[in-house]
Amino acid sequence: MNKNPISVISSTAVPLNVENVDTDQIIPARFLKATTREGFGKNLFRDWRYEKNDEKNPKKDFVLNNPVYSGKILVAGKNFGCGSSREHAAWAIKDYGFDVVVSSFFADIFKNNALNNFIVPVKVSPEFLNVLFGAIEKDPSTVITVDLPQQTISTENGKSEVFEINKYKKTCLMNGYDDIDYLLSIRQEIEIFEKDYKN
Amino acid sequence: MSKTLFEKIWDKHVVTSIPDGPDVFYIDKHFIHEVTSPQAFAGLERRGLPVFHPQKTIATTDHNVPTIHQELPIREELSRRQVQKLNENCAKFGVELYGLGHPFQGIVHIIGPELGITQPGMTIVCGDSHTSTHGAFGTIAFGIGTSEVEMVMATQCILQNRPKVMRINIEGALHKGVVSKDIILQIISQISASGATGYFVEYAGSTIRGLSMEARMTICNMSIEMGARGGMIAPDETTFSYMHDRHFMPKGAEWDKKLMEWKKLYSDPDAVFDKEITFDAAAIEPMITYGTNPGMGIRITGVVPNPENETDESERNNLKKSLKYMGLEGGQRLLGMKVQNVFIGSCTNSRIEDFRLIASVIKGKKKDPDTRVLIVPGSQQVAAQIRAEGLDKVFEESGFAIRQPGCSACLGMNEDKVPPGEYCISTSNRNFEGRQGPGARTLLASPLTAAAAALTGKVSDVRSFLDEQNGN
Ligand code: SF4
């Protein structure tokens, strides 16, 4: 099913300077009772965002509650998305309005889930991650640019780094294809494989 | 060409490889449950697709079910609807469902092996990260997201990049009071919560070969907690005798034929691993976690690390944040600390062997009156076996009540939660902030350590109970 293709994303960013952000923090289990993909954004980081689960009582020191920060890019500490395989974490991030997550290290399942939801996981060096945190914290209005075709991420004042992305995945993101479209297109090949396959 | 166990199985399941891209990877068995499947079924419906091979997918309800009065309608509306949705989807798409009330119902990673669905050499996926549990049988088993659940249902394949392979050897004899949960907590505390990311792990060595299947499953289960894609153990006589005669296992001549195949599933002696680590079993002690990821573990007699001794700034801040959440101080001992809750359950430790171990510690003793203890068997079959072996009497006499099967307080999705700010010694696999309920403080440990805490109401060293027993 075609999604919106991704090319160059330029935006301010939200700095979440925390390591090992697990998917239970991104979206706690008690919000996984829905049977659709929509509406998870309002519970993104629920227990870091609100005192005692009370929407009228936001935690002042949590970055999503800080009005100076906004944008389509979330910059986070290393080992982002570890723990549970819940894709609801990716749905919540996308639904909240992020198209890119930057970290120095992503957990495997989260990375797949992000890509399947057209969120670009940009893995940068620990040094460049610090550059980004520094730049955003110094000037929250600074614009970060993620150029998918060129595979670069850069700051306004000219600091930039190349990031890796699987060539196949890059093609999917830039054209709005998803893996299911691809797999369905080779169904015949799968059936031929099954003919000789025993287990 | 010599191959690792992982490579032998992987290569057999590659339908085709996308140039500069992932492999199209064929899946033998697919488990689903109520929480991560509804959106996948909805996706199929949107595309007007059937389930390609419905007989290769098996469903159960576990994450979001109550653990008392399962015979009654589920009270909580959203949970009831989610379970109902799975019933409808399975009926509509022709998928076998072991739902509430079915004698095969239980936590998805408990029922696969015990029913004989999980077999060596298979590729197994489920929308749940602890699918790695099935690797104890020499399978490639791992957790996937809901989009991938949809892919498997639509085409029996997913796209996967081949991970690197790491071998972790554990050699030697374990000390008394040390069980497989301690081994894996020790490994993760050394490797860290992200140290095996990008790898598939094979566990090997004399210690592993000496473990029961239940104990091996506990180890493979927690592979994901160090970031590994999955964990696996080569099948051997222990595996085959566990599997023999299980409900869905081949029987007679078919079994003999399969057995010949399964016996070829091991890493060739000169196979090359991308990384190899060895642990000495004799150096492992009962373990407990103090922090908010499973890598933050210490010996039960140890002290909580002090953030001031941490040289790396971000590590220091992380540790501070964790300790603040946990209400603990660097340098503090956990032994003797009061705990208000004990949770015995989850796909890590709720098999029959776990209950036998616990019964051996609590037999003839009384539960601490102030401690809430939640005991949840992993499946209906485990619950039945507990009764058949008379273990339920042992639990009852000690003052413990046994609940009905489900994930329960492992993830705090139903009403089984740990109250904010309270401590819980838990046999589950994750101590993340709020995992067992908002504000809950989880200390991961073995079933033995949990049993000891249930008796004393404190973090206790189970070895003192075992000494006592030996003295009798
Ligand atoms: S018991 Fe816990 S870890 Fe295991 S499948 Fe259920 S929720 Fe996941």
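**Two chains and their spaces**

Analyst: Between chain A and chain B about 5,300 Å² is buried, 56% of it on carbon and sulfur atoms. Within chain A, the residues that lose the most area to chain B are K33(A), I180(A) and N199(A), together 13% of what that side buries. The model is predicted: local features need pLDDT of at least 70 and side-chain atom pairs count only at pLDDT 80 or more, while totals for chains, interfaces and linings use all residues; side-chain values use heavy atoms, without hydrogens or water. Residues are numbered from 1 along each chain as its sequence is written, with chains lettered from A and ligands numbered from 1 in the order in which they are written.

User: What makes the 5,300 Å² a buried area?

Analyst: Buried area is the accessible area, taken with a 1.4 Å probe, that two parts lose on being put together, summed over both. The value of about 5,300 Å² therefore covers the loss on chain A and on chain B. The size of an interface is often stated as this lost accessible area.

User: How many residues of each chain are in contact?

Analyst: Contact means heavy atoms within 4.5 Å, and by that rule 56 residues of chain A touch 69 residues of chain B.

User: Why is the pair R37(A) and E150(B) called a salt bridge?

Analyst: The term requires a side-chain nitrogen of Lys or Arg within 4 Å of a carboxyl oxygen of Asp or Glu. In R37(A) and E150(B) the N to O distance is 3.7 Å, so the pair qualifies.

User: How do you know that the salt bridge of K78(A) and E315(B) joins two chains?

Analyst: The closest N and O atoms of K78(A) and E315(B) are 3.0 Å apart. K78(A) sits in the loop between β3 (73-76) and α3 of chain A, whereas E315(B) belongs to helix α11 of chain B, so this pair joins two chains. Helices (H or I, at least four residues) and strands (E, at least two) are DSSP runs, numbered from the N terminus.

User: What makes a space a pocket, and which residues lie nearest the centre of the largest pocket?

Analyst: On a 1 Å grid over the protein atoms alone, a pocket is an open set of points with protein on both sides within 12 Å along at least five of seven lines, a cavity is a set where a 1.4 Å probe fits but cannot get out, and lining residues have an atom within 4 Å of a point. Points are joined across faces, edges and corners, and a volume is the space filled by probe spheres set on them. The largest pocket has a volume of about 1,500 Å³. Its lining has 50 residues, with V18(A), W48(A), F62(A), K321(B) and E433(B) nearest the centre. The largest share, eight residues, comes from α11(B).

User: Which element gives the most to the lining of the second largest pocket?

Analyst: That element is α4(A), with five residues. The second largest pocket has a volume of about 900 Å³ and is lined by 27 residues, among them D108(A) and N161(B).

User: How many cavities are there, and which residues are closest to the centre of the largest cavity?

Analyst: The count is four cavities of 30 Å³ or more. The largest cavity holds about 210 Å³. Its lining has 23 residues, with H63(B), D128(B), H130(B), L411(B) and R435(B) closest to the centre.
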